[in-house]
Amino acid sequence: MASVGTIIPTVTSLVANLDAKLPVAVSIIIHNANDKDAGLLNIDVWGYGNAPRAPLSRLSTFNLRIASSYQSINGGLQYGKLLRQDIDVEEDCKMWLDNCLEHHGQDCDEPSWWNELQPPSGPHFRLIDVYTMRIVQIDMANLRKQDRPKYAALSYVWGAAGSQALNLHVRNLESLSAQLEGQMPPIAKTIRDAIAVTGRLGLQYIWVDSLCIIQKDDRYEDDPDARKSQIEQMDSIFGHAAVTLVAADGLDAEAGLCGISTRPVRNQIARGIRPNVNVLLAVKYNDTYGKWDTRAWTLQEKLLSKRMLIFNGGYASYHCQHGVLREDMPGSHAGSGPPQISWVSSLPDDSGVSKIKRAWDGAPVLLRSPFFTEYAKLLAQYTGRDMTDSRDSLNAVMGLLKVLEKMANTNRPQGTLGGTNAQAPLGHTLYGLPEKYLDLALLWHPPAAKGVHLTKRAHDYLPSWSWAAWEIGKDPDYHPDTKKKYHTQPGVRFEEPFWVSTQDDLSLKKVIARKAGNKQPAEERFKPLVMWYRSLTPPLPQGTLRGSQSTADLGNGAAAEAPLALVPVNGHGLGLAFDPADEEELRRFKEDAIKLRTGSASDPPTDLAPPSVPTGIPIDNRHLVCETQVARFRLRVTKPRQEILWKPSAKRGKGLDVDTELIIHEAEILDSSDTVVGRVIPTDHQRSLSSSLYDFILLSESQYWGDEDRVDVSGLPLFNVMFVEWDTRGEFATRLGVGKVQKSAWWAAQPTTEVVIL
């Protein structure tokens with residue numbers, strides 16, 4: 001096999017001797033029979049441009065493949081296939097799955113995030129038996145591992161057709177457990193095709209949400225507890241499926257799997273170069289996964305699957321930890337689509353490792369956690385996706401959050417989403433925010449892009465301090481009838497950790513730490529300052545009027561005005577959970593937080609009781625309580641500010657390239673003399689602001705605005721603050737935005753210390 005190093009001088013010599021009218025040459029790298037890429041031809045087209053003394057350059061590059069039958073080499077498949085008119089499930093798809101099951105072992109059976117994931121269990125876990133065409137209950141947890149049946153799972157777009165097709169309800173559970181055929185309404189076309197594919201793959205069972213989870217039923221008997229039990233184990237359902245079937249190009253449940261029940265138009269360029277020897281050009285697969293990959297529910301279905309068989313644009317592709325297989329040739333040979341799946345990344349084991357380093361002056365510097373990096377990346381993907389029922393904003397990502405938490409808290413007890421488990425003080429999620437990084441998680445921002453904004457969801461069930469209570473407003477240029485390519489919107493974001501660099505005028509230039517090639521953890525440029533508390537009481541059912549709960553409803557004859565029980569987050573009140581290696585620093589941070597609450601500059605107590613909340617205020621686990629400082633400032637709206645994030649150039653020694661351009665909608669914070677002393681990013685920048693005074697609550701300390709004229713900033717001269725408004729009773733504060741203000745201006749505003757209930 002020729003190397004590129006030998007090709008360039010050879011091609012240069014060849015082109016130099018060609019007639020001037022034909023300044024083009026083609027180089028072909030042929031892989032011999034013993035090579036792992038045997039049968040692959042790498043084609044490069046070379047030539048000179050029209051400019052004077054133009055250098056030789058590569059004009060085009062693509063691959064060809066010699067047609068051949070399947071060969072297994074070191075667990076991988078090598079082949080080149082002439083396509084049939086429809087998808088060959090038995091010959092191709094089953095071959096891909098069987099080869100993966102046989103040769104890839106734990107790489108695909110138990111990927112890095114799997115972490116001894118428990119199988120789906122309980123009386124409400126059901127599968128479709130594709131041989132008998134009925135719904136069956138199987139408690140996987142009570143079966144030995146070798147006795148658990150392999151099953152497929154289906155990921156697809158419901159649309160209106162999904163609700164109108166056959167769904168599982170309490171009223172038809174007995175009937176569908178006996179027979180699925182002949183029911184009215186009938187099974188949706190996509191589901192029927194997936195059932196057929198499952199059987200052709202040699203699997204007896206498939207899991208489909210609409211027929212395996214009891215769906216909402218407003219007219220007849222419902223079972224929300226059964227539905228909740230299955231939503232809470234989505235990680236187990238998809239994580240234990242042998243393969244996930246994906247209907248990627250369907251707009252709803254009646255679209256079917258193109259290539260299974262409908263015959264697609266399939267174009268393949270193949271030429272015979274000698275008898276029984278054909279050369280194939282890679283088929284053009286879609287470069288996106290359509291509407292399916294813009295839906296909120298499908299993100300966790302995609303990322304929590306071990307293997308995926310994707311039907312898209314009339315072609316099938318198979319995805320696992322070892323790569324992508326297409327119908328015509330392996331994805332590595334095609335050199336083009338479909339896009340690879342970005343699987344969940346494993347987290348390094350940093351237990352017992354200090355999360356704090358020392359600055360040059362000995363001051364403690366917090367470091368970014370790998371967990372929080374993955375969490376921020378996940379939210380950026382998830383929150384920009386579409387959702388039919390906004391009440392599912394937490395349900396649709398619960399499985400992913402559980403997996404992420406378990407990777408970061410392998411040896412810690414797990415709680416439930418919403419934080420109702422009193423036995424799990426560490427390592428669980430509070431309405432989508434990780435408790436162990438609560439102080440950081442509260443600093444989420446709306447998308448920094450043109451034409452995108454956040455709005456409060458229509459229902460008021462979720463707390464305003466959680467990103468889950470807000471949804472992305474649609475791009476005004478988006479219209480489903482005219483826009484053929486579906487896309488996700490930018491999601492909520494966190495300030496990226498950065499390394500400090502300088503512009504030519506010595507102003508701040510942010511270099512994204514995760515792309516800077518430096519393996520050292522990046523600095524947070526932040527310090528906790530507030531002690532947070534929460535209630536363990538679950539909220540009243542939606543629709544229950546305040547004060548309508550009777551004494552008997554409270555249980556054990558408790559008085560309606562029973563003392564409110566508040567527990568400190570992370571067991572100590574700070575919104576950061578520290579490892580034992582940082583215990584001394586934790587003590588100092590907590591001491592500073594106590595000083596803030598008590599106003600005592602010296603000899604503060606070692607601990608404080610929870611803040612005193614007046615009786616009668618209906619606090620539940622949706623609320624965060626703190627005793628902090630509150631100050632008032634006026635705001636002035638400004639034009640959106642552009643902020644550029646940089647990364648090292650891909651060309652070695654070429655400096656920095658632009659990575660991201662942020663369009664930040666913000667308002668200036670003004671003191672009593674109209675001097676700009678800070679900035680705030682409104683959660684919904686379309687909401688109008690008046691010239692009145694607004695309340696801000698103190699959250700934590702910070703170092704940079706983001707566009708300083710000088711980088712020689714000493715210590716943490718800023719406060720992170722939350723811009724809030726109060727309800728009509730003055731009891732609860734609602735988040736309107738977060739920002740930063742100069743410490744000196746904060747003290748000059750004469751803040752008061754108050755109990756704040758978010």
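Modeller: Contact here means heavy atoms within 4.5 Å. The model is a predicted one.

Colleague: Which residues touch the most other members of the largest nonpolar core?

Modeller: In soluble globular proteins, nonpolar side chains tend to be buried together. The largest nonpolar core here has 159 residues. Leaving aside neighbours within four places in sequence, Trp467 is in contact with residues including Tyr375, Leu379, Val397, Trp444 and Val492. Apart from that core lies another, of nine residues, with Val246 and Trp292 among them. The members of the largest core that touch the most others are Trp207 and Trp467.

Colleague: Is Glu327 buried or exposed?

Modeller: Glu327 is found in the loop between strand 15 (323–326) and helix 11 (331–334). Beyond its neighbours within four places in sequence, Glu327 is in contact with residues including Tyr79, Trp96, Arg266 and Tyr285. Buried means under 20% relative accessible area. Glu327 has 2%, so it is buried.

Colleague: Which side chain joins that of Glu327 in a polar contact of 2.7 Å?

Modeller: Arg266 is among the residues in contact with Glu327. The polar contact of 2.7 Å joins the side chain of Glu327 to that of Arg266.

Colleague: How far apart are the closest N and O atoms of Lys94 and Asp98?

Modeller: Both residues lie in helix 2 (residues 89–103), four residues apart, about one turn of the helix. Lys94 is partly exposed at 26% relative accessibility, and Asp98 is partly exposed at 29%. The two form a salt bridge, with the closest N and O atoms separated by 2.8 Å.

Colleague: How many residues apart in sequence are the parts tied together by Glu471 and Arg457?

Modeller: Glu471 forms a salt bridge with Arg457, with 3.3 Å between the closest N and O atoms. Glu471 lies in strand 21 (residues 470–472) and Arg457 in the loop between strand 20 (454–456) and strand 21, so the parts this pair ties together have a sequence separation of 14 residues.

Colleague: In the salt bridge between Arg588 and Glu585, which residue is buried?

Modeller: The two are three residues apart in helix 15 (residues 583–598), about one helical turn. Arg588 has a relative accessible area of 37% and is partly exposed. At 6% relative accessibility, the buried residue is Glu585.

Colleague: Which residues form the nonpolar patch on the surface?

Modeller: Ile28 is in strand 1 (residues 24–30). At 47% relative accessibility, Ile28 counts as partly exposed. The patch has about 290 Å² of accessible area together, and its residues are Val26, Ile28 and Ile30.

Note on methods. Residues are numbered from 1 along each chain as its sequence is written. This is a predicted model: local features need pLDDT of at least 70, side-chain atom pairs count only at pLDDT 80 or more; totals for chains, interfaces and linings use all residues. Side-chain values use heavy atoms; hydrogens and water are left out. Patches are made of residues with over 30% relative accessible area and no salt bridge: like charges are joined within 9 Å, nonpolar side chains (Val, Leu, Ile, Met, Phe, Trp, Tyr) within 5 Å. Accessible areas come from the Shrake-Rupley method with a 1.4 Å probe; for residues, only the protein chains shown count as cover. A salt bridge is a side-chain nitrogen of Lys or Arg within 4 Å of a carboxyl oxygen of Asp or Glu. Buried means under 20% relative accessible area, exposed over 50%, partly exposed in between (1.4 Å probe, protein chains only). A polar contact is a pair of N or O atoms within 3.5 Å; within protein, one must be able to donate a hydrogen and the other to accept it, and residues adjacent in sequence count only if both atoms are side-chain atoms. A nonpolar core is a set of buried Ala, Val, Leu, Ile, Met, Phe, Trp, Tyr and Cys residues joined through side-chain atoms within 4.5 Å.
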